Amino acid sequence: MLRVPMFVFTLLYFENLMKIKKHKLFLLFSVGLCVVSFLYCYKTLHQEFLLRDLSHHKSSLKSLVMLSGFLWGDPLSNNSFLFNTNNHKGVEKAMRQKNYDGKEQAVADFVMPDPTGPHGELHKRTFVLQEDHTPHFIHTEMGALCFRDGTDMASSKVKPSYTKDNEDQNLKHKKNSTVVDHTLKPGRNVAECVCRQGWHGPNCGVPTVIQHSNLHTKSHLKLRKVPRRIINAININHEFDLLHVRFHELADAVDLFLVCESNFTAYGDSKPLTFLQLLLNGTFDYIKHKILYIFLDHFPKGGQANGWIVDDYLRTFLTKNGLSRIQGLRPDDVFILNDADEIPVKEGILFLKLYDGWTEPFGIHMRKSLYGFYWRQMGTLDVISGCTMAMLVSVYKGDGILLRRREYFSMPGFRQYEKTSGHVLIPWSIGSPVHYGGWHCSWCFKPEGIYYKLVSAQNGDFPRWGDFVEKRKLSYIRELIRTGGWFDGSTPHYPPTNPREHMFAPKYLLDNYEKYDYLLENPYAKG
């Protein structure tokens, strides 16, 4: 019988022991990795808890329901929205209870309107959207349907009877057109709209900011029988001059402005309700009939420690409170969310109102400037700014901050909405890097306004320049305006500008040059 030496057993024993130890080490390493991953995820989720909770908080979403009876169901399956006009109270109460920070008890010195007085409770009123009966298109004497603003009416004419030359010209017209035109048929007289500079299409209703945009469906555009309604939502702090500019630029295109004001700054300090006072004293009477006032009376929990919570929450509250108070919305109405210093050009917004065939969501290429329109920065600011109400509800869950992000394709309702609507969702932007679709005027205040912006800024986006005493000095701020410098000591290169150049500034500013000259020419430039 063959005997196995003892050392062989010993060798096998230690070999197996080493294998067991390796497995134990691997197991311990795996457990440790899981623990670390869990802690990291927990930290991330904890920081984003507020937004996550708002996005999934069913009670705050019941303010907007469809006729189908499904909460945030497919909006395209119905022809209209169904609103409970009292639900905005529940939305506001739920959000306040969920997000009010007990440590931040400071309340601004403000007085809301007397509910029994002539103004009533402006921050609780509802708004009924009306149809837009503006005659945007007219028929010429020869029968052509032309867009008023884009057509040279004196030159509009009818072509002579059909010839071979006419047919060739009609085919060329079709090839170059961005809009389907069913009036171009051989053998008939063709009534033409003669477009003014900057307008395109057979009806002269497509502005240059659309013609030269990255919209992939230009050949499928067609006129609507009933115009969409446009809702433009903004948060306001002290950007009142730019607010006048917005209202005058967009008054003919926007049907409703949602304007949200808080008695807290983004930093958490109390402040007066200046916009409300201006609204009541008649300053905005020329546009008051299109304003729905939204009052945010609490500061979000955790906002002083993490300023990005405040930045996001302002847009969330604005959207949810505002939408819960609108009656008569339709799925194909358009929602646009801007910052107070972002002003879209009117022509691009009118296009959204009057045409079908564009995709969503859409952004806006905006001309960038600093301190005033005279310091033009390189490039454009391209921000996702809008979509239809159907997409806002089905994909973004009625939350404006989700719209501003470019992550719609990863949201749960995206595929279902795309399938139900029958459209491939392709983002695009009004305008282009050389054809501006609007203006972004950052830090565009007088020195006192910049000071207030510094001390009011959220506790985020570091360095927070308002924390530095020397940066808050008005003499330092004036020097920044004079040189175009930034708070970090740098002085960027700016291309030359001229108030006469196209898209230098919104028309309202240029028409009131003396009143707003501090925004149009450098007040501290040395001659």
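A: Let us begin with burial. In this predicted model, Cys 441 and Cys 444 are both buried.

Q: What joins Cys 441 to Cys 444?

A: In general, a disulfide is a covalent bond between the sulfur atoms of two cysteines. Here a disulfide joins Cys 441 to Cys 444, with an S to S distance of 1.8 Å. Its angle about the S-S bond is -85 degrees, and the link of Cys 441 and Cys 444 is left-handed.

Q: How many disulfides does the structure hold?

A: There are 3 disulfides in the structure. The cut-off used for assigning one is a pair of cysteine sulfur atoms within 2.5 Å. Cys 146 and Cys 193 form a disulfide with sulfur atoms 1.9 Å apart, and Cys 195 and Cys 204 form a disulfide with sulfur atoms 2.1 Å apart.

Q: Which parts does the pair of Cys 146 and Cys 193 tie together?

A: One end, Cys 146, belongs to strand E5 (residues 145-147), while Cys 193 sits in the loop between strand E7 (191-192) and strand E8 (199-200); the pair therefore ties together parts that are 47 residues apart in sequence.

Q: Is the link of Cys 146 and Cys 193 left-handed or right-handed?

A: The link of Cys 146 and Cys 193 has -90 degrees about the S-S bond and is left-handed. The link of Cys 195 and Cys 204 is left-handed as well, with -95 degrees about the S-S bond.

Q: What is the pairing when the bonded cysteines are numbered in sequence order?

A: For the protein chain, that numbering gives the pairing 1-2, 3-4, 5-6.

Q: At what relative accessibility do Cys 260 and Cys 387 count as buried?

A: The same criterion can be applied to these two residues. Cys 260 has a relative accessibility of 2% and counts as buried. Cys 387 has a relative accessibility of 0% and likewise counts as buried.

Definitions and conventions:
Residues are numbered from 1 along each chain as its sequence is written. This is a predicted model: local features need pLDDT of at least 70, side-chain atom pairs count only at pLDDT 80 or more; totals for chains, interfaces and linings use all residues. Side-chain values use heavy atoms; hydrogens and water are left out. Helices (H or I, at least four residues) and strands (E, at least two) are DSSP runs, numbered from the N terminus. Buried means under 20% relative accessible area, exposed over 50%, partly exposed in between (1.4 Å probe, protein chains only).
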